[in-house]
Amino acid sequence: MSPIEGFLYGLGLSLSPDILIAALVAGLAGTLIGVLPGLGPVAGASLLLPITFAYEPAIGIILIMGVYMGAQYGGSTTSILLGIPGEASAIPATFDGFPMAKKGRAGPALVIVAIGAFIASTLSLLAVTFSAPFVSQFATKFTSVEFFALTAGGLFLLARISGAQAGAGIGASLLPMFVGLGLAMVGTDPTQGSFRFTFGQIDLSLGFDLASVAVGLYGISELIMMLEEKISKNRARAVKLRELVPSKSELRQASFPWVRGSVIGFLMGLLPIPSATMSAFTSYRVEQSISKTPERFGKGAVQGLAGPEAANAAAAVGSMVPVLMLGLPFSATLAIAIAALIVQGIQPGPLLVTQQPELFWTVIASLFIVNIVLFILNVPLVSIWVRVLRTPRHILLPIIVVFAMIGSFSVNNNMIDVYVMLAMGVVGYFFRKLGFGLAALLVGLVIGPLIEKYFLQSMLVSHGDISYLISTPVAAIIWIAVVASIVWSAISGVRKRRRRVKDGQPVALTTIGEDE
Amino acid sequence: MTSAIQVPRSESGEGESFDISVPRWRLGVGLIGLLAFIGYVIEALRLEPGSLTEPGPGLFPIIIGVGGIVAAVFVVIEALRAPMTTTTLPKGRQAKDVIFFVVGLLLAVLLLPILGMFIVAPIYAAVTAWGLTTKHRIRGAIISAVLVLGAAYAFTEFLEVRLPQPIW
């Protein structure tokens, strides 16, 4: 099946009422989650996870990915209207989107984001469609050695890049990763079926559930953080439909940044990094550096809004390549997407395209439908999102908590998942406060069993020869990248410390891409 | 709403807060992590490790546990060597809100298996809404209670999700 035939086949399957409704619900829920304070795409997707178990796998992954894509858009809405980013990837949208809103151009800014996200997601989907058979063919040659390097090395790189506050050191980024891996070992052992770390509690035999851990780490801890802030007196101004149309000049200024942002986002989506956030920042830098009027950036430059927003939308779609074709999630939300498939007995990977083409192409075509749904609905519904933004905190907060409790309990109909959610909320709060990364913990929890599986397979094949783990070019390159990241961070850490000592400056409090 | 760039509250002027030493708290986390991973390795050693040629269920957890110990030691060393930086904890009204929220959530979770979702959820929502605001408290409490009841009903009826039931 050629890529075009595959896509059309998937489109045919996707045009069923169930999948169209799922795309609609996911797009709307994702945007709502992006707009709402206290719920990011990770917590939102994990709340939806238990619901996906009741439906076919295609619907499950569409719900999760729809939330991911919708949340990117919803996050930008608050960036533009309030100057408060709904998600980490929407931070660059505050730089020029909010100044545009202050100049009375909020409507055009929202439309520029919507058109940019649509173009970027479409281009990215085309790239996924045409590259899928080749990537999958290439990946079928991978053995447990390459997969071990991709899972373990990729997780390590993710922990180093998105792990902790800048300047926090290697320990602060690796500790959460090992906590995630450690929690992943709880439950039934895959080799002999014996119980590990269950301490006689039968409730723990299934291990720690991803949804409860994610909702606690990201959702509950975020709500506590929200309570620490004074209620903002900024109220989003209503945007009328007639104020939405951008001028010809604004559209012209946005056109090339949309394309550049799409390319940057797609390529970064393939990497083991918090791609939506980092591609948005990279695109902003690129636009600023090639602009003839860089002084306008930060004051309402259309390019500074269009490029990053296209980049984060393209990255969200591009990151589906490692998920569907290698079975590797490089962000917390994608880890949840993988979990939605694994629970249904589907192991994403290079064989998915050939062995389950109907699922693969349905998912690709459905993402296209989600994209159209988001484009059609979000702009006309902007006044509703503004109204959502005005919902008082004291009403919103208990509703989110009750949703979180229902979501956690319904996974296994077991109270232990609700207790885990609560405990993880406290852990997440202190980890955030102290600058420890959360993404590596969650991704570690999901891919920990995979890392163990590939490690054990490699050891069985090689009769216990450790050097076998770097015996192929792909594995060697990945491990070289891991070592390079350690060396580089050590060198830059020493440099920064020297500079700080010289200048007497404090450490910057930055955490990259925690929301993805 | 999460922002990836955390601005110290004292600079942003948002909310009342007091400073705590990040290196000192990280040292505490590192030590707790160290103890936890030592316990983890001890527990892992009780499982059959097998060998590299024939790995048993304990082999990989031992590797993870040792990795965790190394990471925790790094956290401790880095905390001891780190320059003084601070983060904030809330005080005043914000601290009261946080404590009210956490204690309320804890009580709700504890009562959930006894009273069930349809009793706990509206009571929790009403009390939380009432406690987190000073204006229109009764109206907020009623709206919250009704909304969560509606949501719980929708989950059971339309999504066929099972909720915690009362013990009777």
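**Entry 1: the salt bridge.** I started with A:Arg393, which forms a salt bridge with B:Asp97. The closest N and O atoms of A:Arg393 and B:Asp97 are 3.5 Å apart. I note here that the model is a predicted one. I then looked up the count of salt bridges between chain A and chain B, and that count is one.

**Entry 2: which parts of chain A touch chain B.** I listed the elements of chain A that each supply at least two residues of the side touching chain B. Among them are helix 8 (170-184), strand 2 (195-196) and helix 9 (210-227). Helix 18, helix 19 (415-433), helix 20 (439-462) and helix 21 (473-503) of chain A belong to the list as well. Which helix gives the largest share? I found helix 18 of chain A, with 13 residues.

**Entry 3: extent of the interface.** I looked up how many residues take part in the contact: 87 from chain A and 77 from chain B. The size of an interface is often given as the accessible area lost when the parts come together. For chain A and chain B I noted about 7,300 Å² buried between them. Of this area, 74% lies on carbon and sulfur atoms.

**Entry 4: helix 6 of chain B.** I checked the length of helix 6 of chain B, residues 137-157. At 1.5 Å a residue, its 21 residues should span 30 Å, and the end C-alpha atoms are 30 Å apart, so the two agree. Next I looked for the buried residues of helix 6 of chain B and found B:Gly140, B:Ala141, B:Ser144, B:Ala145, B:Val148, B:Ala151, B:Ala152 and B:Phe155. These cover an arc of only 130° around the axis, and therefore sit on the same side of helix 6 of chain B. What do they pack against? I found helix 3 (41-52) and helix 18 (393-412) of chain A, together with helix 5 (117-131) of chain B. On the face turned away from the buried side, I noted the exposed residues B:Ile138, B:Arg139 and B:Val146.

**Entry 5: A:Ser89.** I placed A:Ser89 in the loop between helix 4 (57-82) and helix 5 (91-102) of chain A. Is A:Ser89 buried or exposed? A:Ser89 counts as buried because its relative accessibility is 1%. Leaving aside neighbours within four places in sequence, I found A:Ser89 in contact with A:Gln72, A:Ala276, A:Thr277, A:Ala280, A:Glu309 and A:Asn312. I also looked up A:Ala71, which is 18 residues from A:Ser89 in sequence and 9.9 Å from A:Ser89 in space, C-alpha to C-alpha.

Terms used. Residues are numbered from 1 along each chain as its sequence is written. Chains are lettered from A and ligands numbered from 1 in the order in which they are written. This is a predicted model: local features need pLDDT of at least 70, side-chain atom pairs count only at pLDDT 80 or more; totals for chains, interfaces and linings use all residues. Side-chain values use heavy atoms; hydrogens and water are left out. Helices (H or I, at least four residues) and strands (E, at least two) are DSSP runs, numbered from the N terminus. The expected span of a helix is 1.5 Å times one less than its number of residues. Buried means under 20% relative accessible area, exposed over 50%, partly exposed in between (1.4 Å probe, protein chains only). The arc is that of the directions from the helix axis to the C-beta atoms. Contact means heavy atoms within 4.5 Å. Buried area is the accessible area (1.4 Å probe) that two parts lose on being put together, summed over both. A salt bridge is a side-chain nitrogen of Lys or Arg within 4 Å of a carboxyl oxygen of Asp or Glu.
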